[in-house]
Amino acid sequence: DPVSGGPQPLARWEFDGDFNDSVGNLHGEPAGSARIEDGALVVDGKSFVATPPLERAIGEKTLEACVQLDTLDQHGGAAISIETTV
């Protein structure tokens with residue numbers, strides 16, 4: 001980031017009205033019942049948002065997500081992940 005001199009984000013999804021990447025072109029597509037509600041992504045454990053594949057290989061990475069859980073009884077899944085296409 002500009003203040004600390006750290007790396008710039010590759011992508012950012014703010015879910016403030018759409019599934020678009022506000023930094024690049026990794027715009028999301030909702031699957032299942034994924035939806036935006038009051039400026040937040042809402043998923044049910046089966047739904048998700050998928051993006052196109054990354055255009056370059058990555059090594060080290062930091063993933064950051066702000067989440068709100070309905071209950072603390074949720075199991076499995078991930079708030080954010082990177083998967084291979086192979």
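This report describes a predicted model of a single chain, moving from its overall make-up to selected residues.

## Basis of the description

Because the model is predicted, local features are reported only at pLDDT of at least 70 and side-chain atom pairs only at pLDDT 80 or more, while totals for chains, interfaces and linings use all residues. Residues are numbered from 1 along each chain as its sequence is written, and side-chain values use heavy atoms, with hydrogens and water left out.

## Overall architecture

The chain holds zero helices and four strands, the terms standing for DSSP runs numbered from the N terminus (helices H or I, at least four residues; strands E, at least two). Read from the N terminus on, the order of elements is β-β-β-β. Along the principal axes, the C-alpha atoms fill a box of roughly 35 × 35 × 25 Å.

Of the 86 residues in the chain, 9% are buried; here buried means under 20% relative accessible area, exposed over 50%, and partly exposed in between, with a 1.4 Å probe and protein chains only. The chain exposes about 7300 Å², of which carbon and sulfur atoms supply 50%; accessible areas come from the Shrake-Rupley method with a 1.4 Å probe, and for residues only the protein chains shown count as cover. Among contacts (heavy atoms within 4.5 Å) between residues at least 6 apart in sequence, 22% join residues at least 24 apart.

## The segment before β1

Aspartate 21 lies in the segment before β1, the strand that spans 29-31. Aspartate 21 is buried yet has no salt bridge, and the nearest side chain of opposite charge, that of arginine 12, is 7.5 Å away. Leaving aside neighbours within four places in sequence, aspartate 21 is in contact with Leu10, Ala11, Arg12, Trp13, Leu26 and His27.

Asparagine 20 also has its place in the segment before β1, and is partly exposed at a relative accessible area of 36%. With neighbours within four places in sequence left aside, the contacts of asparagine 20 are Arg12, Trp13 and His27. The C-alpha atoms of asparagine 20 and threonine 51 are separated by 9.4 Å, although these residues are 31 apart along the chain. Phenylalanine 15, likewise in the segment before β1, is buried with a relative accessible area of 16%, and its phi is near 50 degrees, a positive value in a residue other than glycine.

Glutamate 37 is partly exposed at 39% relative accessibility, and arginine 35 is partly exposed at 38%.

Aspartate 38 lies in the loop between β2 (35-37) and β3 (40-42), where it counts as exposed at 79% relative accessibility and has a positive phi near 50 degrees. Serine 47, by contrast, is buried at a relative accessible area of 9%, and its place is in the loop between β3 and β4. Leaving aside neighbours within four places in sequence, serine 47 is in contact with Ala31, Gly32, Ser33 and Ala34.

Isoleucine 58 is placed in the segment after β4 (48-50) and is partly exposed, with a relative accessible area of 34%. Together with Leu10, Leu54, Leu63, Ile80 and Ile82, Ile58 makes a nonpolar surface patch of about 440 Å². Patches are made of residues with over 30% relative accessible area and no salt bridge, like charges being joined within 9 Å and nonpolar side chains (Val, Leu, Ile, Met, Phe, Trp, Tyr) within 5 Å.

Glycine 59 is also found in the segment after β4 and counts as exposed at 53% relative accessibility. The C-alpha atoms of glycine 59 and leucine 41 are separated by 27 Å, with the two residues 18 apart along the chain.

Technical notes: Lys, Arg positive; Asp, Glu negative; His and termini not counted. Salt bridge = Lys/Arg side-chain N within 4 Å of Asp/Glu carboxyl O.
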